[in-house]
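The sequence and the structure are shown first, and the notes follow by topic.

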Amino acid sequence: MVAMLLLSPYAQAQAPGAMVEGSLAVGNKVLPLPPGSWRVLHLGVDDLRTSDMMVPTRVHQAVLVQERAGRAAAVIVAQAAQEIGVHWEPHGICLNEGAIARRVASAVRAALDCRGLVVVAGGRQPGLPGYLAALYDEGQRRAGWLPPYWISSQFLISETMHYLNVEYRVAPSASMSAATGGVTLTEGARVSLPQALVDQLDGWGARAHAELRRGLYGRQPATPLPAPF
């Protein structure tokens, strides 16, 4: 069975515009946050069905942003679910063979454990899900607020009915201009990011992965999640 999608926090952040730090309850999952304050852009929940239309499921959604110097420097996009009878098929980063530093521990039905780095466009693109509308609407109102590209650390973890799909996006221009050395990024492609940067994000991803596995079962981070840089 495949139900596809997302997540929403309600235990810690109650409404868009709220500022949160440390971690965020997303449904009954826990999302670890890198240091600093994060502004909630969107909270939502969708009533869906699995791909065979047999099993109803609820998928929660959360989108958060962190600004530096008046621009979006980092964004978190999270999706979470837990419904009896829903077992998730491989998708997303588990199937993206073009990802950088991709690590697949398991990619079979009801047992997903994958992570990797993907370059994604910063602006609104055709076919984007509606829960990202608040992010791109703000980008349209504030010229130059969104970067042209993000480097996205993506995580997909699912065990039986438990599901977390999380992106930690960082803006090269705002967060690591020196580290990227002016490299031009192409969405979805394998790009020549400095190896030191790839290694740094991969090492950070191992820390984030460990805390997300705790969050999959509603546990708070064992240690605060560090900044990616």
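Strand β6 makes the largest contribution to the lining of the second largest pocket, with 4 residues. Helices (H or I, at least four residues) and strands (E, at least two) are DSSP runs, numbered from the N terminus. The model is predicted: local features need pLDDT of at least 70 and side-chain atom pairs count only at pLDDT 80 or more, while totals for chains, interfaces and linings use all residues. Residues are numbered from 1 along each chain as its sequence is written, and side-chain values use heavy atoms, with hydrogens and water left out.

**Second largest pocket**

- The second largest pocket holds about 150 Å³ of space. A pocket is an open set of points on a 1 Å grid over the protein atoms alone, with protein on both sides within 12 Å along at least five of seven lines; a cavity is a set of points where a 1.4 Å probe fits but cannot get out, and lining residues have an atom within 4 Å of a point. Grid points are joined across faces, edges and corners, and a volume is the space filled by probe spheres set on the points.
- The second largest pocket is lined by 17 residues, of which Pro34, Trp38, Gln66, Ala74 and Pro228 are the closest to its centre.
- Two or more lining residues come from each of β5 (56–68), β6 (71–82) and β10 (162–170).
- The lining of this pocket comprises 13 nonpolar, 2 polar and 2 charged residues. Here Ala, Val, Leu, Ile, Met, Phe, Trp, Tyr, Cys and Pro count as nonpolar, Asp, Glu, Lys and Arg as charged, and the others, Gly among them, as polar.

**Cavity**

- The search of the whole structure returns 1 cavity of 30 Å³ or more, and the largest cavity has a volume of about 50 Å³.
- The lining of the largest cavity consists of Ala101, Arg115, Gly116, Leu117, Ser153, Gln154, Phe155, Leu201, Asp202 and Gly205. The elements β8 (111–121), β9 and α4 each give two or more residues to this lining.
- By class, the lining of the largest cavity divides into 4 nonpolar, 4 polar and 2 charged residues.

**Overall fold**

- The chain contains 4 helices and 10 strands, arranged along the sequence as β-β-β-β-β-β-β-β-α-β-β-α-α-α.
- Of its 229 residues, 50% count as buried. Buried means under 20% relative accessible area, exposed over 50%, and partly exposed in between (1.4 Å probe, protein chains only).
- Among contacts (heavy atoms within 4.5 Å) between residues at least 6 apart in sequence, 61% join residues at least 24 apart.

**Nonpolar cores**

- A nonpolar core is a set of buried Ala, Val, Leu, Ile, Met, Phe, Trp, Tyr and Cys residues joined through side-chain atoms within 4.5 Å. The largest one has 32 residues, and Leu24, Leu31, Leu64, Ile76, Val166, Tyr168 and Leu212 have the most contacts inside it.
- At least two residues of this core are supplied by each of β2 (23–26), β4 (38–49), β5, β6, β9 (149–159), β10 and α4. Helix α4 gives the largest share, 6 residues.
- Another core, of 27 residues, lies apart from it and includes Leu41, Val75, Ile93 and Tyr163.
- Not counting residues up to four places away in sequence, Val166 touches Leu31, Ile76, Val77, Ala78, Ser153, Gln154, Phe155 and Leu212.

**Helix α4**

- Helix α4 (residues 195–215) has 21 residues and reaches 30 Å from its first C-alpha to its last, close to the 30 Å expected at 1.5 Å a residue. The expected span is 1.5 Å times one less than the number of residues.
- The buried residues in α4 include Leu197, Leu201, Trp204, Ala208 and Leu212.
- His209 is placed in α4 and counts as buried because its relative accessible area is 16%. Beyond its neighbours within four places in sequence, His209 is in contact with Asp113, Arg115, Phe155 and Ile157.

**Individual strand and loop residues**

- His60 belongs to strand β5 and is buried because its relative accessibility is 15%. The C-alpha atoms of His60 and Ala80 are separated by 5.3 Å, although these residues are 20 residues apart along the chain.
- Ala25, in strand β2, is buried, with a relative accessible area of 15%. Ala25 and Gln220 are 195 residues apart in sequence and 9.1 Å apart C-alpha to C-alpha.
- Ala69 sits in the loop between β5 and β6 and has a positive phi near 55° in a residue other than glycine. Ala69 is exposed, since its relative accessible area is 85%.
- Thr160, in the loop between β9 and β10, also is not a glycine and has a positive phi of about 50°. Thr160 is partly exposed, with a relative accessible area of 41%.
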